[in-house]
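Keep the viewer open while you read.

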Amino acid sequence: MELINHHMHTLASDGKHTPLEMAEEALKRGLNFICFTDHNHRIYAVPFSKPLSESHLNEIKEAQKKFKGKLDISLGIEIDWTEEHQEIFKKQISEHNFDFILGSVHLLNDGTEYFGVNYAPEVFSEKVKKLGIKKIVHEYYHQVRLLAKSKLFDCLAHFDLIKNFNVDSSFFDEQDNFYREEVLKTLDEIKKNNLCIEINTSGIIYRCKAMFPSFWILEEAHKRNIPITIGADAHWKERIDAGLLEAYDLARKAGYKEILKFKNRKAIKVKFAKTDFPRKLQTSHKENFENSSKKTGIIQNSLK
Ligand SMILES: [Zn+2]
Ligand SMILES: [Zn+2]
């Protein structure tokens, strides 16, 4: 079985370690495949955003050489979708030989300015007061659908990031018709445009204390034959394998038998089976996961 982490950050964006440090840790913890997905250069916002430097790219090449045969390393990028900057993204994608293009929606425009859907709870609450939660949820999934239609991407990151501040369903209930309709419509658009989605384990340490997407969404994705990959969205090396085994387990429970990894923008299927999980879970991850399932109830059934 191949243990894959398809989503991580380094010092090239808002991560805390170099590619070599991340790769060394991945190898130490028994991973077989990693993909670096630093944030794209957001010319229009956000201080940490910068172009990928030659020295960064060289270090990835060095790591690929150093760990050849032991750890497979891909070069990807996480592009922060905003409807008006598509031409910039096309240029950024053409600048390097990326193996993988990950698209995400972190920023929404409220008519006058961009705000982050997962950055600061006060800002999110203020925008909900101004626009109403239905409008924000609609705008979020509308942007995800436009991202899918753009055909620039291989995969959508953290499908339901909009739930991050929805602690104890304080803004919406995921079973509400309006929410379900937005999600299902978005899954249909993703299928139509041949995108894959990821199980992103980082939510277990964020406010929502749950993986992205919620389990019912993963089941709906499986019904539509939408392929998946798995990413820890690790920003420091200690999280390089956080929640990965739980994510494989969730995938299996949703009906999946394989996940994807990417090379040269081509998807490669990697099969897995229940018997493929001999490794003991690390306590901290297990605790994180159990806490999260208690709080949300959403993934509780899948822990057995
Ligand atoms: Zn992201
Ligand atoms: Zn990320």
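## Helix α7 and its surroundings

The buried residues of α7 pack against α6 (177-192), β8, β9 and α8 (244-254). Bear in mind that this is a predicted model.

Which residues of α7 are the buried ones? They are Phe215, Ile217, Leu218 and Ala221. Looking down the axis of α7, you find these buried residues within an arc of 155°, so they line one face of the helix.

Helix α7 (residues 215-223) sits between two strands in the chain: β8, α7 and β9 make a right-handed β-α-β unit. In the loop between β8 and α7 you'll come across Pro213, and the peptide bond leading from Phe212 to Pro213 is cis, with omega near -5°. After α7 comes Asn225, which has a positive phi, near 60°.

### The sheet

Strands β8 (residues 196-200) and β9 run parallel and are joined by four bridges. One of the bridge pairs puts Asn200 with Gly231 in β9. They belong to an open sheet of seven strands, with parallel pairing and the order β1-β2-β3-β4-β7-β8-β9. Which strands stand at the edges? Those are β1 (4-5) and β9, and each has a single partner strand, so one side of each is left without a neighbour in the sheet. Helix α1 (residues 19-28) packs on this sheet and touches β1, β2 (33-39) and β3, with its direction at about 150° to that of β2. Elsewhere in the sheet, β3 (residues 72-80) pairs with β4 (residues 100-104) in the parallel sense over five bridges, and Ile79 stands opposite Gly103 in β4.

### Inside the core

Ile228 is worth a click. The largest nonpolar core has 78 residues, and Ile228 is among those with the most contacts inside it, along with Ile34, Tyr140, Leu156 and Ile197. Helix α5 (residues 133-149) gives this core its largest share, seven residues. Beyond its sequence neighbours, Ile228 touches residues including Ile197, Glu198, Ala221 and Leu260.

Glu198 lies in β8. Is this residue buried or exposed? Glu198 counts as buried because it has 27 C-beta neighbours inside 10 Å, where 20 or more are needed. Its contacts include His6, His7, Cys155 and Gly231. His6 is 192 residues away in sequence, yet the two C-alpha atoms are 8.4 Å apart.

His158 and Asp233 both have a positive phi although neither is a glycine.

| Residue | Loop | Phi | C-beta atoms within 10 Å |
|---|---|---|---|
| Asp233 | between β9 and α8 | about 50° | 26, buried |

### The whole chain

Overall, the chain has nine helices and 11 strands. Of its 304 residues, 47% count as buried. Among contacts with a separation of 6 or more, 76% link residues 24 or more positions apart.

Methods
Residues are numbered from 1 along each chain as its sequence is written. Chains are lettered from A and ligands numbered from 1 in the order in which they are written. This is a predicted model: local features need pLDDT of at least 70, side-chain atom pairs count only at pLDDT 80 or more; totals for chains, interfaces and linings use all residues. Two strands pair if DSSP finds at least two bridges between them. A crossover is right-handed if, with the strands pointing away from the viewer, the path from the first strand over the helix to the second runs clockwise. A residue is buried if 20 or more other C-beta atoms lie within 10 Å of its own, exposed if 12 or fewer, and partly exposed in between; C-beta atoms are placed from the backbone. The arc is that of the directions from the helix axis to the C-beta atoms. Two residues are in contact if their C-beta atoms, placed from the backbone, lie within 7 Å. A nonpolar core is a set of buried Ala, Val, Leu, Ile, Met, Phe, Trp, Tyr and Cys residues joined through C-beta atoms within 7 Å. Axes are lines fitted to C-alpha atoms, for helices over the stretch in contact, and angles run from 0 to 180 degrees between N-to-C directions. Lists of a residue's contacts leave out its neighbours within four places in sequence.
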